[in-house]
Amino acid sequence: MLILPVLLVSMDITVLYFALPSISASLHPSGTQQLWMIDIYGFVLSGLLITMGGVGDRIGRRRLLVLGSIVFGGASALAAFADSPAVLIAARALQGVGGATLMPSTLGLIRNMFHDARQRRNAIAVWTVGMGMGSAIGPVLSGLLLTKFWWGSIFLVNLPFIAVLLLALPLLVPEYRDRATRLDLPSALLSMGAVLPTVWALKKFAADGFSVKPAVSVAIGVVLGVAFVLRQRSHAHPMIDLTLFRRRGFGPSMSCNVVAYFTMVGFGIFTTQYLMEVLRMSPLEAALWTLASPVAIMFFAPIAVKTAAVVRPAYVIVAGFLIAATGCFLVTRLGTDRNIPLIISGTVCMGVGVVISNTIVTDQIMGYTSEAQSGRVSAMLQTCQELGGALGVAVLGSIGASVFGSTMDRTVPAGLPDGALEASRQTLGGAHNYSMTLKEPQAGHLFHTAQEAFVKSLTPAGYTAIGVLALMSVFVLISLRHVVPEAPAAPAAEEAAAEREHSTAAA
C-alpha cells in the first residue's frame with residue numbers, strides 16, 4: 001500500500017513528456033510557460049520535502065499521507081480540466097505540494113512498521129523499485145492514454161488510485177506521531193530558501209549554460225543552507241538532528257545517495273535523447289524500450305538485499321556503482337546506427353547498478369535513524385536525490401552541450417545559409433528543426449552531422465560519470481568498510497525514547 005503513493009509521485013514527474021504537443025495545441029502556452037509546466041512540479045516537491053517530513057513527524061505520518069493524497073488528487077483533477085496555462089502551472093505546483101507530503105511519509109512509515117532488519121531491507125527494496133517503476137511508467141501510460149483520450153486523461157488516471165489510498169490507508173497502515181517534535185517555522189523557511197534557488201539555478205545552468213543570475217541564486221541557496229545548518233545546531237527541537245552525521249556510516253551513505261542520482265538522472269537524459277533524436281523513435285516507442293531497465297530492476301533488487309545480508313554493505317554498494325559505470329561505458333560506445341542491444345544493455349546496467357547501491361544505502365540511512373526522526377531523515381534523503389539529479393543534469397548536460405557545440409563548429413557542412421550554424425549548434429533537436437527548413441541534400445547533411453556530434457558528446461559525459469562513480473567507490477570502501485552485514489541500529493537509549501514518545505502519542 002505504501003508503494004502506491006511513490007508510484008504516483010514519481011510517475012507524474014515524467015507523465016507530461018508526451019502530452020505537451022496536445023496541451024500546447026489546446027492552451028497555447030508560451031515557451032516559458034511550457035517549461036514551467038514541466039519543472040514546477042519537481043521544483044515545489046524538492047523545496048518542501050524537509051518541511052513536510054517535519055510536519056508528518058508532528059501531526060502523524062499516516063494523517064499527512066491522507067491529507068497529501070487529497071491534495072494530490074484535487075490538484076490532478078484541477079490539472080485535467082485546466083483552461084489556461086496559468087491554471088495548469090498552478091495545478092502542477094499544487095501536485096508538488098501533495099507529492100512532498102507523500103514521499104517522506106511512506107519511507108518514514110516503513111521505518112515504523114518494519115523493526116526487523118531483514119524485513120525493513122526487503123520493504124525498502126520494494127520502495128526503491130517503486131520509485132524507478134513510476135518514472136518509467138509515466139511516459140508509457142501518457143502515450144497510451146493520448147492515443148484514445150484527451151490530454152487531461154493523464155491527470156485523471158491518478159484519481160482511482162487516490163480513492164484506493166484514502167479507503168485503505170486507515171485500515172492497513174498504523175499511525176505514528178511524535179508529540180515531542182516541534183515544527184520550527186524559521187528552519188522550514190530556511191530549508192526551502194536553500195533548496196529552491198539551488199535547484200532552479202542548476203536547471204538554468206543545464207538549459208542555458210553559465211550566467212550571472214543562476215550563479216547568484218546558487219550563492220543565495222548556499223548562504224541560506226549554512227544558516228539552516230547553524231540553526232539546527234543550536235535549536236532545542238531541530239528539524240534535522242545533525243548528531244546523526246557523527247555516526248560513521250550516515251554521512252557517507254547520504255553522499256552515495258547524491259552520486260547515484262547524479263549518474264542516473266544526469267546521464268539518463270542522454271539515453272532518452274539518443275533514442276528519440278538519433279534513432280528517431282517516437283516518444284512512445286522510446287518509452288517502451290526504456291521499460292527494460294525497471295523490469296530488470298525488479299529481478300536484481302531482491303538479489304542485492306539477500307547479498308547484503310551476508311556480504312559487507314560497502315562491497316554491495318561498490319558492486320552497484322561498478323555495474324552502473326559499466327552501463328555508462330556501454331552507452332559511450334554507441335554510434336548513429338540502430339544498435340538496440342547495446343543501448344538497452346547500457347540503460348539496464350545503469351538502472352540495476354544504481355538501484356542495487358541505493359537500496360543498501362537507503363537501508364543504511366534508515367537503520368541509523370530512530371523512529372521519531374525517520375520522517376525528517378527520509379525527507380532529507382529525497383531532497384539529496386533531487387539535488388543529485390539536478391546537479392547531474394547541470395554538470396553532465398553542460399559537458400555534453402559543450403562538446404556538441406564545438407564538434408558542430410568544426411564539422412558543419414559548407415555552403416549552408418547564414419545563421420545555420422548558430423541555429424544548429426545548441427542542441428540536436430534544434431539542428432533537426434532547422435534542417436527541416438532546408439532542401440536536400442543540405443538538410444540530410446546537416447542533421448547527420450548533428451547526430452554524429454551528439455554521439456561524440458556521449459564519451460566525455462559518460463567518462464565523467466564513470467570517474468565520479470569510481471571515486472565514490474573508493475570513498476565507500478574507505479568510509480563504510482567497518483559496517484557489517486547486520487543493519488545498523490539506533491542507540492538503545494534513543495530507541496527507548498522513541499518508544500516512549502510513540503506511546504505518549506498513542507495515548
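Does Phe81 count as buried or exposed?

Modeller: Phe81 counts as exposed, because its relative accessibility is 58%; buried means under 20% relative accessible area, exposed over 50% and partly exposed in between, with a 1.4 Å probe and protein chains only. This is a predicted model, in which local features need pLDDT of at least 70 and side-chain atom pairs count only at pLDDT 80 or more, while totals for chains, interfaces and linings use all residues. Residues are numbered from 1 along each chain as its sequence is written, and side-chain values use heavy atoms, leaving out hydrogens and water.

Phe81 is also part of an aromatic pair. Rings of Phe, Tyr and Trp (for Trp, the six-membered ring) pair if their centres lie within 6.5 Å; planes under 30 degrees apart are called stacked, over 60 edge-to-face, and the rest tilted. By this rule there are five aromatic pairs. In one of them, the ring centres of Phe81 and Trp150 are 5.9 Å apart and the planes meet at 40°, so the pair is tilted. Phe81 sits in the loop between helix H4 (61-80) and helix H5 (85-113), and Trp150 in the loop between helix H6 (117-146) and helix H7 (153-156), so the pair ties together parts that are 69 residues apart in sequence. Helices here are DSSP runs of H or I with at least four residues, strands are runs of E with at least two, and both are numbered from the N terminus. Trp150 is partly exposed, because its relative accessible area is 41%. Another pair joins Trp151 and Phe155, with ring centres 6.5 Å apart and planes at 90°, so this one is edge-to-face. Both Trp151 and Phe155 are buried. Elsewhere, ring pairs link Phe267, Phe270 and Phe454 into a cluster.

Arg61 counts as buried, because its relative accessibility is 1%. With neighbours within four places in sequence left aside, the contacts of Arg61 include Ser105, Asn112, Glu175, Tyr176 and Glu371; contact means heavy atoms within 4.5 Å.

Next, the nonpolar side chains. A nonpolar core is a set of buried Ala, Val, Leu, Ile, Met, Phe, Trp, Tyr and Cys residues joined through side-chain atoms within 4.5 Å. The largest has 134 residues, and Leu88, Tyr274 and Val476 touch the most other members. Apart from that core lies another, of five residues, among them Leu202, Phe205, Ala390 and Ala394.

Last, the charged pairs. A salt bridge is a side-chain nitrogen of Lys or Arg within 4 Å of a carboxyl oxygen of Asp or Glu. The whole structure contains two salt bridges. One joins Arg280 to Glu277, with the closest N and O atoms 3.0 Å apart. Arg280 is partly exposed, because its relative accessibility is 40%, and Glu277 is partly exposed at 22%. The other joins the side chains of Glu285 and Arg338, at 2.8 Å from N to O. Glu285 lies in helix H12 and Arg338 in the loop between helix H14 (313-332) and helix H15 (340-367), so this pair ties together parts that are 53 residues apart in sequence.
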